[in-house]
Amino acid sequence: MTTPRSVRFEEGVLSRLDRYVKEHPGSSSSSVANMFIDESLRAYEHPGVMFRPGPTGRRAALSGGPDVWEVIAALNAIRDEDPSLGGDLLTEELAAVTGLSASQVAIALRYYVAYPDEIDERIAGNKDVAEREEQLWAAQQSLLRRPKA
């Protein structure tokens, strides 16, 4: 549920907000302001996290590193491979596999704990796209191997 709130913007900020809305059809000043304020508060709460735009929308990422969902997907893959791994050993393995520092891993894990649904949704969406693309690639390869009739 949304709650109306009166906010005054400096002229330059309002001008940039209006330009952003024009460049992103389907958005509104209200939805864009909400998105950027939410992202700013999340970045404030989780130093080292930033938000990147992309074809699937904006997403949480490590500053100078991968998206948070990619780190958590790697964590899930490590757990699938070795379910007995836990604690510091799991964190060390995740850092080794991703090439991230222990600090970067901690930032990604902390963000995930705060927003698991957002990250899990990204992971599921990526898995769905990967499966669909693999099926299309396999069908394409089958077509190319088929002899001419």
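Predicted model: local features only at pLDDT ≥ 70, side-chain atom pairs only at ≥ 80, totals over all residues.
**Salt bridges, core and a helix crossing**

The partner of Asp 67 is Arg 52, and in their salt bridge the closest N and O atoms are 3.1 Å apart. Because Arg 52 sits in strand E1 and Asp 67 in the loop between E2 and H3, this pair ties together parts that are 15 residues apart in sequence.

The structure holds five salt bridges, and another of them joins the side chains of Glu 39 and Arg 58, at 2.8 Å from N to O. Here too distant parts of the chain are linked, with Glu 39 in helix H2 and Arg 58 in the loop between E1 and E2, 19 residues apart. Glu 39 is buried, at a relative accessible area of 10%, whereas Arg 58, at 26%, counts as partly exposed.

Within helix H2, Arg 42 and Asp 38 lie four residues apart, about one turn of the helix, and they form a salt bridge whose closest N and O atoms are 3.2 Å apart. Both residues also belong to a network of salt bridges that includes Glu 118.

Let me turn to the largest nonpolar core, which has 22 residues, and in which Val 71 is among those touching the most other members. Helix H3 gives this core its largest share, seven residues.

Finally, the axes of helix H1 (residues 11-23) and helix H2 (residues 29-45) come within 9 Å and cross at roughly 110°, which means that H1 is roughly perpendicular to H2.

How values were computed
Residues numbered from 1 in each chain as written. Heavy atoms only, no water. Axes fitted to C-alpha atoms, helices over the stretch in contact; angles between N-to-C directions. Helix = DSSP H or I, 4+ residues; strand = E, 2+ residues; numbered from the N terminus. Parallel < 35°, antiparallel > 145°, perpendicular 65-115°, else oblique. Core = buried A, V, L, I, M, F, W, Y, C linked by side-chain atoms within 4.5 Å. Buried < 20%, exposed > 50% of the residue type's maximum accessible area, 1.4 Å probe, protein only. Salt bridge = Lys/Arg side-chain N within 4 Å of Asp/Glu carboxyl O.
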